[in-house]
Amino acid sequence: MYIHYSVYVCLMTMTVWKALFLLFCILDCMEQSASLPVAQTNSLYLNCFKHTRSTRTRVQQLLGKYKEQQLGNGQFEDRSRHLKDLPSLSTEFYRWINLTEWERLHAAFWDMQTYWNMLEWKRIQLENEEKDQKMVQEARTTLTQNIRHIQLDLRDLISQVSTQMSSLRNSWIRPAAATAQTALNPASRSRTVWDSRVEGYIILRDLDLYLTKLARDFLLLAPHMISEQPLTHH
């Protein structure tokens with residue numbers, strides 16, 4: 001049985017188009033699967049960026065209340081005092097801009113863990129002061145509750161960062177959290193009630209500044225967001 005030449009050409013053309021269509025479908029699936037991890041990573045960093053900004057807002061609000069209730073002056077400022085146990089806020093720009101994703105996440109993990117520990121130490125200290133006075137002061141209770149909320153925010157960010165670190169290096173195992181008792185070195189502990197209260201101010205003051213830096217880190221980790229989001233949130 002012979003097939004007319006025109007019919008043969010038509011059949012061959014249909015076969016080629018079907019093959020091309022199948023090839024395009026395969027390539028499209030491959031492109032989508034390749035871009036999925038990138039999209040998921042960008043979404044993670046976008047969520048971290050937004051979470052960091054909202055946490056910073058909480059810190060700023062708490063800092064104002066803390067200065068009013070613990071220091072007696074809502075406008076109190078003292079930039080000359082620092083705590084050696086807190087992460088350094090000063091970073092050489094060119095070194096910072098050239099950090100790898102792993103280096104940025106690794107630093108963020110430990111810095112946030114340090115702030116969490118410092119807040120835990122201060123929160124426990126405030127709660128103990130309440131017990132010593134044999135009464136619960138509503139204002140101070142509000143402070144400890146607000147500190148706990150910020151700790152929960154930091155814990156969420158720490159978990160998200162740790163998850164991403166695990167995706168980059170399978171060998172990464174999240175360490176157990178340090179205890180609040182080791183938050184401050186003995187030589188760093190305050191000697192007077194005023195010094196103790198100022199320590200709380202310093203922790204919140206530096207955490208406010210640190211979260212600004214952390215938000216910029218998340219922006220750099222998701223480059224497409226830079227043109228869409230401001231670097232700071234007021």
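Predicted model: local features only at pLDDT ≥ 70, side-chain atom pairs only at ≥ 80, totals over all residues.
Is arginine 104 buried or exposed, and at what relative accessibility?

1. Arginine 104 counts as buried, because its relative accessibility is 5% and buried means under 20%. Its salt-bridge partner is aspartate 217, with 2.7 Å from N to O. Aspartate 217 sits in helix 5 and arginine 104 in helix 3 (residues 101-132), so this pair ties together parts that are 113 residues apart in sequence. Aspartate 217 is buried too, at 5% relative accessibility.

2. Next, have a look at aspartate 208 and arginine 56, whose side chains form a salt bridge at 2.7 Å, N to O. Here helix 5 (residues 193-221) supplies the aspartate and helix 1 (residues 5-70) the arginine, so parts 152 residues apart in sequence are tied together. Aspartate 208 is buried, with a relative accessible area of 12%, and arginine 56 counts as buried at 12% relative accessibility.

3. Arginine 79 and glutamate 77 also meet through their side chains, in a salt bridge of 3.5 Å, N to O. Glutamate 77 counts as partly exposed, at 47% relative accessibility.

4. For a linked group, turn to Glu120, Arg123, Glu127 and Arg148, which are joined in a network of salt bridges. The count for the model comes to 11 salt bridges.

5. Finally, aspartate 153 is worth a visit in helix 4 (residues 138-168). Aspartate 153 is buried, with a relative accessible area of 10%. Setting aside neighbours within four places in sequence, aspartate 153 is in contact with His51, Thr55 and Arg58.

Definitions and conventions:
Residues numbered from 1 in each chain as written. Heavy atoms only, no water. Helix = DSSP H or I, 4+ residues; strand = E, 2+ residues; numbered from the N terminus. Buried < 20%, exposed > 50% of the residue type's maximum accessible area, 1.4 Å probe, protein only. Contact = heavy atoms within 4.5 Å. Salt bridge = Lys/Arg side-chain N within 4 Å of Asp/Glu carboxyl O.
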